[in-house]
Amino acid sequence: MHVQYVALCDQVILAADGRPSLIGVFNDLSVSQIPTTMPRITFAARILFTNEELGKTRRVEVLITGPDGKEIGRPGGDLQLPAPQGGIDTLAVDVPLQFDFFELQATGRYTFLLHVDGAPSAAAQLAVRQAAVA
């Protein structure tokens with residue numbers, strides 16, 4: 001297993017052929033007030049599995065922590081990988097997790113840490129600061 005990328009963005013659109021388009025990738029936010037609510041934040045990951053890993057179930061979670069290091073949430077679920085097929089030695093799986101009305105309670109760094117089968121595998125961070133009022 002290899003994580004090819006993780007990112008935070010506004011939206012992920014999966015095309016009919018399965019290719020993802022990440023819209024509005026970001027890692028920094030300047031907000032007018034704290035606390036504030038983001039209409040939508042999407043965590044996007046692509047995980048590459050080898051032929052030997054296919055046909056198994058993997059547990060995927062994203063541990064979200066706030067600037068104080070405390071856990072905000074841990075969404076996730078089981079990922080059932082298809083059985084191996086002839087001529088295919090790897091399979092890339094896209095994992096978009098969408099959070100609507102995501103609350104930012106403080107300024108600072110928020111961490112979105114991807115866990116696969118309980119092991120930390122990759123992370124994206126979001127730096128939030130309050131904009132100066134003119």
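What share of the 134 residues of the protein count as buried? The figure is 34%, where buried means under 20% relative accessible area with a 1.4 Å probe, protein chains only.

Before you click around: this is a predicted model, where local features need pLDDT of at least 70 and side-chain atom pairs count only at pLDDT 80 or more, while totals for chains, interfaces and linings use all residues. Residues are numbered from 1 along each chain as its sequence is written, and side-chain values use heavy atoms, with hydrogens and water left out.

**Whole chain.** Switch to cartoon view and you'll get eleven strands and zero helices; these are DSSP runs, with strands being E of at least two residues and helices H or I of at least four. The C-alpha trace spans about 60 × 30 × 20 Å along its principal axes.

**Strand β9.** Next, select residues 90-104, which make up strand β9, and pick out D94 in it.

**Around D94.** Now show what D94 touches: leaving out residues up to four places away in sequence, that's Y5, G18, P20, A45 and R46. Contact here means heavy atoms within 4.5 Å.

**Side chains.** The D94 side chain has a polar contact of 2.9 Å with that of R46, and another of 3.4 Å with that of Y5. A polar contact is a pair of N or O atoms within 3.5 Å, one able to donate a hydrogen and the other to accept it.

Notes
Buried < 20%, exposed > 50% of the residue type's maximum accessible area, 1.4 Å probe, protein only.
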